[in-house]
Amino acid sequence: MRPMLIQGGRVIDPSRRTDGVADVYLAEGRIESVGMNIPVGPDVEVVDARGKVVGPGLIDIHVHLREPGQEDLETIATGAMAAAAGGFTGICAMPNTDPVTDNQAAVGFIVRQAIRAAKARVYPIGAITMGQKGHQLAEFGEMVGAGAVAVSDDGHPVISSHMMRTALEYAQVFGIPVADHCEDPTLSAGGSMHEGIVATRLGLKGIPSAAEEIMVARDILLAELTGGHVHLCHMSTRGSVEIIRRAKDRGIRVTAEACPHHFTLTHERVRDYDTNAKMNPPLREAEDVEAIRQALKDGTIDCIATDHAPHHYDAKERAFEEAPNGITGLETALGLGIRELVLPGLLTLPELLARMSTLPARLCHLPGGTLGGGAPADLVVFDPEAFWSVDPARSFSKSRNTPFGGESLPGVVALTLVDGRIAFRQPE
Amino acid sequence: MTPALGKDLIGLEHLTRAQITAILDTAEPFKEVSERPIKKVPALRGKTIVNLFFEASTRTRISFEFAEKRLSADTVNVAASGSSVSKGETLVDTARNLEAMRIDMVVIRHQSSGAAKFLADRIRSNVVNAGDGKHEHPTQGLLDLLTLRDRFGRIEGLKVAICGDVLHSRVARSNIWGLLHLGAEVGVCGPPSLLPRNIAELGVTVLPRIEDAIQWADALNVLRLQLERMEAGFIPSLREYNRVFGVTSDRLARAPRDLVVLHPGPMNRGVEIDSDVADGPYSVILPQVTNGVAVRMAVLYLLAGGSPDWTAPAPGNEDR
Amino acid sequence: MAGEIVDLAGGDGDLLLVGIQRRGVELAERLAALIESRTGRPVRRGKLDITLYRDDLQAIGPRPVVGETVLPPTLDGRTIVIVDDVLYTGRTIRAALDEFADFGRPRRILLAVLVDRGGRELPIQADVTGLRAAVAPGDRVDVSVVELDGRDGVEVSAGGAEP
């Protein structure tokens with residue numbers, strides 16, 4: 001593999017708070033140096049990045065790859081490819097596969113498939129409980145040994161507070177976060193969208209914000225009790241943001257993520273029963289969207305994660321209440337981040353990249369998220385001012401379930417490098 | 001000419017006052033048809049109509065069937081159990097199959113909110129919503145409006161209280177929309193666990209007790225309380241519901257004016273409504289049923305004004 | 001016209017004059033009154049709306065308003081006089097005859113029209129005609145009655161489709 005010089009781009013490294021025009025020199029899978037007039041050998045491949053941004057590759061800590069079990073929806077390979085096309089160099093795969101990823105062999109399988117795919121890196125997340133059934137702890141140690149970077153029963157909440165407490169205590173042995181899908185199922189049962197005026201008009205049972213907030217509060221109390229690191233998945237309500245803010249003020253080890261759709265769309269998007277606007281947690285009210293945005297600005301929410309959830313066309317082609325939850329997100333995340341957060345002036349581009357790369361890496365203790373010397377050569381080169389049109393039919397993901405079809409998004413990814421290799425290159 | 005209704009009747013929420021009034025006006029001559037010795041007019045002769053009922057329902061289906069037959073249409077009933085639907089055929093495939101048989105109109109009742117619109121968006125046939133989940137039951141709303149109009153001569157300014165399980169009721173929603181569009185004042189009354197939290201945002205008054213509703217209203221529309229609500233923990237028992245929220249003759253006796261009582265049926269006598277009220281002088285429950293056939297005839301007649309154009313591409317098929 | 005109806009009906013008791021909506025109804029009312037004053041015997045009135053029996057129901061698109069039909073419970077044995085304002089293609093009368101069939105079996109049906117403008121598309125003729133006028137197919141004939149239009153009159157105008 002030839003060394004590479006990425007020339008003339010606006011190099012943003014949130015980990016070292018640098019932002020300026022510079023060259024980046026990569027060799028043998030590592031970032032050798034960042035600066036001007038770097039001496040290079042004759043064999044170097046030169047990439048012209050003038051007018052573009054060069055940043056650490058994006059990292060998405062909440063992705064659903066449907067392998068093993070539902071490979072017709074997505075495989076590790078197609079998910080990793082879609083990730084690279086979206087500018088991601090690393091993704092964390094949630095364990096609600098079929099069978100559930102709750103043992104070292106399953107974790108190892110994902111690691112191997114990812115290596116074979118050779119696109120974005122895939123870090124497995126192991127289940128908290130066997131089969132995600134909530135009764136018996138999975139073998140955190142064995143899974144971490146095989147490559148797991150966190151544990152989660154995502155797809156399901158950890159209903160038993162005792163189990164959640166035990167998980168938070170035990171995970172500390174391995175230094176991994178416990179990620180919870182915050183939902184009180186007795187409040188949310190039967191609901192298919194946010195409990196609000198739109199649900200009342202459409203005659204759909206709603207999921208109140210309290211269903212999420214109750215578990216957020218519980219998880220924070222348990223983190224306080226145990227001293228463990230709890231990570232809260234896909235936050236969606238202003239109440240949750242409030243509770244997290246106060247907990248952080250008190251120094252509790254809680255981190256949180258939010259999905260692009262929760263800072264972009266409200267429950268009004270469910271008009272006409274569009275199943276591409278159906279996900280869990282659901283789209284909420286305008287005030288909730290505003291709170292999520294503010295929380296991303298002030299750090300109450302640490303990072304952006306997509307909760308990429310591929311579903312088959314037939315599955316979504318159903319009456320609203322019967323359709324599965326979830327939308328894809330890997331290829332639209334950067335564009336939505338720029339359009340919804342940077343262009344209105346809420347976040348700067350370096351702040352966005354911090355939330356999409358540096359902080360996710362730090363949170364899960366992953367390499368990446370930095371352009372420091374010696375760091376792995378995981379980079380993204382993109383044009384934040386060029387626009388592209390979302391065409392689900394041309395997505396790299398196997399699935400098409402997105403509400404953003406036909407929309408115009410800024411941020412065209414020109415190049416995604418993983419380990420110094422080109423994982424994605426924009427066709428001319 | 002009456003204002004066109006479009007291809008389908010999915011609900012009353014998005015209809016205009018003119019459209020709703022046109023349907024009610026059209027229902028008038030159809031009432032007369034049901035009084036003739038030969039209760040048939042050839043208006044829909046040769047049209048094929050399928051009654052696609054995924055939820056069991058005797059009264060609504062029979063009412064539609066009479067409406068269809070009195071218009072001389074050919075009708076076919078498809079019930080959920082024992083059909084290909086119960087064998088796992090999706091709603092989409094059921095729709096496509098009906099379309100392939102060149103069905104002119106489909107009357108659908110389904111347990112999921114939005115199912116009627118889902119079907120209407122995918123087939124060229126006219127679709128009439130006979131109740132989709134908790135969303136709407138437009139022909140019930142219309143026949144309630146017609147019954148009120150017959151009794152009071154107008155809807156504008158009328159105060160109508162909808163009493164009972166509004167949260168789970170498609171009849172309530174259709175009534176709310178229809179009444180608001182025609183200028184009535186709408187109240188809702190029921191235990192808080194059975195009223196949508198934000199119902200007032202639709203423009204209705206929340207009446208906390210049934211006594212308040214009886215003081216306030218010109219008419220009560222009493223909704224059926226389902227046993228499942230007790231089992232799901234929304235109310236402690238049917239007996240308590242009757243004691244606290246039941247429309248009883250004692251309570252009606254204290255009404256400041258002669259109230260009219262409606263009920264969409266079937267009634268749980270002794271739960272939401274007492275027998276002596278249901279069978280008493282203020283009840284218009286039987287006229288509701290009569291009006292039901294006329295209203296459904298009017299709806300089918302108005303929708304059939306445009307037959308499906310079989311040469312045009314089916315909706316939703318334009319690109320995939 | 002009233003006189004001719006009386007003559008044609010002969011000694012038949014129980015005359016029923018049925019006006020076709022809309023203006024036939026007003027004309028039937030006037031004729032009935034005239035006949036009553038001549039014969040001294042009561043004449044029953046009825047109204048008939050033929051919209052639901054039209055043979056062009058599909059083609060006309062958005063639905064015309066359906067008017068009132070008022071007839072006795074049975075027509076068996078009666079002598080009916082259909083009264084309409086304009087006789088043109090004959091299709092309105094055909095629809096009326098179909099509709100009567102659903103009400104019973106009259107003894108006899110006569111047709112009285114104010115204006116016969118020719119242009120028949122079906123083998124139907126009036127028994128009593130007020131006025132014959134040859135009118136070109138593209139032209140309209142409109143009858144006005146005081147009860148609905150404020151004045152009585154018959155107008156022929158160019159252009160416009162037959163309602």
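Author: Happy to. One term before we start: two strands pair if DSSP finds at least two bridges between them, and strands (E, at least two residues) and helices (H or I, at least four) are DSSP runs numbered from the N terminus. This is a predicted model, where local features need pLDDT of at least 70, side-chain atom pairs count only at pLDDT 80 or more, and totals for chains, interfaces and linings use all residues. Residues are numbered from 1 along each chain as its sequence is written, chains are lettered from A and ligands numbered from 1 in the order in which they are written, and side-chain values use heavy atoms, with hydrogens and water left out.

Reader: Thanks! What is the strand order in the open sheet of chain B?

Author: The order is β7-β6-β5-β8-β9, five strands with parallel pairing. At the edges sit β7(B) and β9(B), each pairing on one side only.

Reader: How many bridges join β5 and β6 of chain B?

Author: Five, in the parallel sense. In one of these strands, β6(B), Cys189(B) is the bridge partner of Cys163(B).

Reader: And which strands does helix α5 of chain B touch?

Author: Helix α5(B), residues 138–152, packs on the sheet and touches β5, β8 and β9 of chain B (contact means heavy atoms within 4.5 Å). Its direction makes about 165° with that of β9(B); such angles run from 0 to 180 degrees between N-to-C directions, with axes fitted to C-alpha atoms, for helices over the stretch in contact.

Reader: Switching topic: how much area do chains A and B bury between them?

Author: About 1700 Å², with 49% of it on carbon and sulfur atoms. Buried area is the accessible area (1.4 Å probe) that two parts lose on being put together, summed over both. On the chain A side, Thr200(A), Arg201(A) and Glu317(A) lose the most, together 32% of what that side buries.

Reader: How many salt bridges are there between chain A and chain B?

Author: Four, where a salt bridge is a side-chain nitrogen of Lys or Arg within 4 Å of a carboxyl oxygen of Asp or Glu. One of them joins Glu317(A) to Arg122(B), with the closest N and O atoms 2.6 Å apart.

Reader: What about the count between chain B and chain C?

Author: There it is one salt bridge, between Arg36(B) and Glu99(C), at 2.9 Å from N to O.
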